[in-house]
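Please examine the sequence and the structure shown here.

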Amino acid sequence: MDFWGTVLVLFRRWYLSVPAFVLAVGAAFGVYKTVPVTHVSSAMLVLTIPTSGGSLPNNPQYPNPKVNPLLNFDHGLSVSASILIAALGTPEVAAELGSTPGGTTTYRAFNGSSNLESLATGPFVFIEAESADPAAAKEMVRKVIARAHVELAERQRRLSAPEATYIELSESVPPTTPLEQGTRKMRAVAAALGLGVISALTVTFAGESVAGHRRGRRSRAPVVPPDPGPEPAKAGESGEQGEPGEQGTGLVRVGAPPPGS
């Protein structure tokens, strides 16, 4: 059905389409009032090699220098940043920080790329927290930064890296002022309105289909002619015979001689 045909159906079945569209708009307005506005705070961390370098100077007792294993890669800082991002993104760490699925405050740690599984392009860790409460969003960023320091130090300790060679983690961009984000709310409103419009069109065309089916049944029904009633008797016809010239009157003359007398 073309566009104008659809418009014609909507106008013809206005008693279905108008209430359905009003309900769709009402549902979208309800979603707009229900979905809270969120605020986002972010920060960027950078991993650096200590000023003393990634290895200790030679010692007569140790012929080979002691090197930090995390710095023994061609892209040691980038690899370390990827390891740290993976550690911060585990459900266990998120639960300890107070971010649970479906909760009011959430965070994510990423490397600045849209592909989170790719190797970081640099020694950077981006942190972003979202919450309906601006203060809670900024506080979550601070908690993630503190946990990042703990996770990085713990992994270097487990690898028995010399403490003097520990990778340093600094705040290149401290937690920012939370900014209001209306994207989630607008997406929810658009989804509710779209579903409402589809439902309204479905109801309208369902009504049009039912009406067309009824019209078809009425047009196919056989036409029964009306009953004309009993046919009137014709002149000159009677169930009894009288004298000539008196046939059809249905009367017999009293005192008249019978025929042939």
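In this predicted model, E151 lies in helix α5, which spans residues 134–158. Is E151 buried or exposed? Its relative accessibility is 9%, and because burial is assigned under 20%, E151 counts as buried. Apart from neighbours within four places in sequence, E151 is in contact with L84, A87, L88 and V93.

Two packed helices are described by the angle between their axes and the distance between the axes. For helix α3 (residues 76–88) and α5, the axes come within 10 Å and cross at roughly 120°; the two helices are therefore oblique to each other. The crossing of α3 past α5 is right-handed. On the α3 side, I83, L84, A87 and L88 make the contact, while α5 contributes V144, R147, A148, E151, L152 and R155. By class, this contact of α3 with α5 comprises seven nonpolar and three charged residues, with no polar ones.

Helix α1 covers residues 3–12 and helix α2 covers residues 14–34. Their axes come within 5 Å and cross at roughly 95°, so α1 and α2 are roughly perpendicular to each other. Which residues make the contact? From α1 they are L10, F11 and R12, and from α2 they are W14, Y15, S17 and F21. The residues of this contact of α1 with α2 divide into five nonpolar, one polar and one charged.

Terms used: Residues are numbered from 1 along each chain as its sequence is written. This is a predicted model: local features need pLDDT of at least 70, side-chain atom pairs count only at pLDDT 80 or more; totals for chains, interfaces and linings use all residues. Side-chain values use heavy atoms; hydrogens and water are left out. Axes are lines fitted to C-alpha atoms, for helices over the stretch in contact, and angles run from 0 to 180 degrees between N-to-C directions. Helices (H or I, at least four residues) and strands (E, at least two) are DSSP runs, numbered from the N terminus. Angles under 35 degrees count as roughly parallel, over 145 as roughly antiparallel, 65 to 115 as roughly perpendicular and the rest as oblique. Contact means heavy atoms within 4.5 Å. Ala, Val, Leu, Ile, Met, Phe, Trp, Tyr, Cys and Pro count as nonpolar, Asp, Glu, Lys and Arg as charged, and the others, Gly among them, as polar. Buried means under 20% relative accessible area, exposed over 50%, partly exposed in between (1.4 Å probe, protein chains only). A crossing is left-handed if the near helix is turned anticlockwise from the far one by less than a right angle, and right-handed if clockwise.
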